[in-house]
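This report describes one structure, element by element, for a reader who wants each term tied to its cut-offs. The sequence and coordinates come first, and the discussion follows.

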Amino acid sequence: MTDNTAPVALVSGGSRGIGRAVVLRLAAEGYDVGFCYRSDEQAALQLEKEAGEFGHRVLAVRVDVTDAESVREWVARTESELGPIDVAVGSAGVTRDNPLVLMTDEDWHAVLDTNLDGVYHVCRSVIFEMMKRKSGTIINISSIAGVYGNATQSNYSASKSGIIGFSKALAKEVGRYNIRVNVVAPGYIETDMTAELSEKVKKEAAKQVPLRRFGRAEEVADLVAYLAGERAAYITGSVIQIDGGMTV
Ligand code: NDP
């Protein structure tokens, strides 16, 4: 049974990894959820079905977040099919790692365009309606690489630092409209993104983490859901690390 008065959440990059866990968590908490994906239609349809089993509406749309017009259309369609957006989560992200001396212009721009421009496009598309309604919450997914920098990830670190500066500025701009903007900065999380690392690298990486393991996407989703909800009503402009103590 659907409930058309449910709050509405929008998640970019929802088909896999952290975004997928966020879609499931928010659907379980009673949100109608619109999410986008870039290429993996099978995964998106499977998730649409799985998240829909919580009894709320779930809408998957193929969108490339680097394309401003497509994001605008996606947001407009989600608003028209599900209703005004209460929560927006910017999670779509990619890596193209290389030392700077080997970095290609293409790899630089692919990462900045997806991770930073993608977050800008989502926030730019939802913000006016949130301001009109004097209500809304935005959570952008950065990374500890954006806080501390990571060798061989100058493109990724720049994009993730950019998300932090952008989100803090936006939090200051729109707080008076009762809109909160926060950043989640994960450490190593078990997803396809970290599956690219060799077993040896993963083992060494886990040794740097006081909790001695990678995090789970569901653990990040719990934090996102907390920030989205009323219990976090006085939290805005914050960068919350979820990294097993790695950066202590
Ligand atoms: P995954 O690689 O598992 O999933 C990435 C998701 O983003 C997929 O749903 C993918 O869609 C989507 N996506 C990628 N590019 C685009 C695009 N141009 N337009 C629309 N959707 C796109 O990544 P994670 O879940 O690991 O990462 C999620 C976020 O968390 C990212 O921003 C990442 O930087 C951040 N993060 C991850 C960490 C980790 O250890 N995993 C650590 C710190 C931060 P499709 O499958 O259709 O291509």
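Does A221 count as buried or exposed, and how many C-beta neighbours does A221 have inside 10 Å?

A221 counts as buried because it has 24 C-beta neighbours inside 10 Å; here a residue is buried if 20 or more other C-beta atoms lie within 10 Å of its own, exposed if 12 or fewer, and partly exposed in between, with C-beta atoms placed from the backbone. The model is a predicted one, in which local features need pLDDT of at least 70, side-chain atom pairs count only at pLDDT 80 or more, and totals for chains, interfaces and linings use all residues. Residues are numbered from 1 along each chain as its sequence is written.

A221 lies in helix α9 (residues 217-228), where helices (H or I, at least four residues) and strands (E, at least two) are DSSP runs numbered from the N terminus. This helix of twelve residues reaches 16 Å from its first C-alpha to its last, close to the 16 Å expected at 1.5 Å a residue, the expected span being 1.5 Å times one less than the number of residues. Its buried residues are A217, V220, A221, L223, V224, A225, L227 and A228. Leaving aside neighbours within four places in sequence, A221 is in contact with I18, A21, V22 and R25, a contact being two C-beta atoms, placed from the backbone, within 7 Å. The C-alpha atoms of A221 and L24 are separated by 8.5 Å, although these residues are 197 residues apart along the chain.

The largest nonpolar core has 65 residues, and those with the most contacts inside it are A9, V23, V33 and V224; such a core is a set of buried Ala, Val, Leu, Ile, Met, Phe, Trp, Tyr and Cys residues joined through C-beta atoms within 7 Å. The largest share of this core, eight residues, comes from α9. With neighbours up to four places away in sequence set aside, A9 is in contact with L26, Y31, V33, D86, V87, V89 and A228. In soluble globular proteins, nonpolar side chains tend to be buried together.

Helix α1 is largely enclosed by the rest of the structure, because eleven of its twelve residues are buried. The helix reaches 17 Å from its first C-alpha to its last, close to the 16 Å expected at 1.5 Å a residue, and just after α1, G30 takes a positive phi of about 105°.

S15 is placed in the loop between β1 (8-12) and α1, and this residue is buried, with 25 other C-beta atoms within 10 Å. Not counting residues up to four places away in sequence, S15 touches R20, Y37, D40, A43, A44 and L47.

The 21 residues of helix α6 (residues 154-174) should span 30 Å at 1.5 Å a residue, and the end C-alpha atoms are 30 Å apart, which agrees. The buried residues of α6 pack against α4 (105-133), β5 (136-141), α5 (144-148) and β6 (179-186).

Y156 is found in α6 and counts as buried, with 23 C-beta neighbours inside 10 Å. Beyond four places in sequence, Y156 touches T95, D97, V111, A145 and N150.

## Ligand shell and recorded annotations

The ligand is surrounded by 32 residues, of which the closest are G13, G17, G93, T191 and M193; a residue is near a molecule if its C-beta atom, placed from the backbone, lies within 6 Å of it. The elements that give two or more residues to this shell are α1 (17-28), β2 (32-37), α4 and α7 (192-195). The shell divides into twelve nonpolar, 15 polar and five charged residues, where Ala, Val, Leu, Ile, Met, Phe, Trp, Tyr, Cys and Pro count as nonpolar, Asp, Glu, Lys and Arg as charged, and the others, Gly among them, as polar.

In an unreviewed entry, UniProt lists G13, G14, S15, R16, Y156, S157, A158, S159, K160 and I189 under "binding site". These positions span 177 residues in sequence, and the farthest two C-alpha atoms are 24.4 Å apart, so they do not all gather at one spot. The UniProt annotation "active site", also from an unreviewed entry, covers Y156. UniProt positions follow the numbering used here, feature names are shortened, and annotations may be inferred rather than shown by experiment.
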